[in-house]
Amino acid sequence: MTSSLNFSSYIFECCCGERFNNVGAASVCKKCRNYSMWGYTKYVINTETDEVVYGVMPTEEEEAAAEAAATKRWEEEAREFAEMIEAQEERRIAAQVEWDAARAAERAAILEDQLWDLQERLMQ
Ligand SMILES: [Zn+2]
């Protein structure tokens, strides 16, 4: 056994690819929730021995099913996000239109006043 420390002691890798220096921390990796297709820490391996030290290594079928489910989930999230942005943009445009209409009405009122003044002066 080598006595290498520091960076090389981060040998425990969870299913999202994050490295830890102990199995306990790797088994509750927070990034797995977002970045792993499982949505949680499915397994942790010791990268020096390729041993599964936490959880269970999925079969190819399980992996394919999880990947399909995750892809669907992520697409759904991306669509919801796009819809949210679109709704925001629509509200922004509506507010802009309302603002422009109000300014146009003000300008029309001023012009009308000026027109009245002019007519009055012409009639004198
Ligand atoms: Zn992870």
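Domain bounds here come from an automatic or database domain assignment. The model is predicted: local features need pLDDT of at least 70, side-chain atom pairs count only at pLDDT 80 or more, and totals for chains, interfaces and linings use all residues. Residues are numbered from 1 along each chain as its sequence is written.

Start by colouring residues 7–57 as domain 1 and residues 59–124 as domain 2. The centres of domain 1 and domain 2, taken over C-alpha atoms, are 44 Å apart.

Next, show the strands. Strands (E, at least two residues) are DSSP runs, numbered from the N terminus. Two strands pair if DSSP finds at least two bridges between them. Four strands make an open sheet in the order β2-β1-β3-β4, with antiparallel pairing. Select β2 (19–20) and β4 (51–55): these are the edges, and each has a single partner strand, so one side of each has no neighbour in the sheet.

Now select β1, residues 12–14. Two bridges link β1 to β2, and the two run antiparallel. Look at E13, which stands opposite R19 in β2.

Finally, move to β3 and β4, an antiparallel pair with four bridges.
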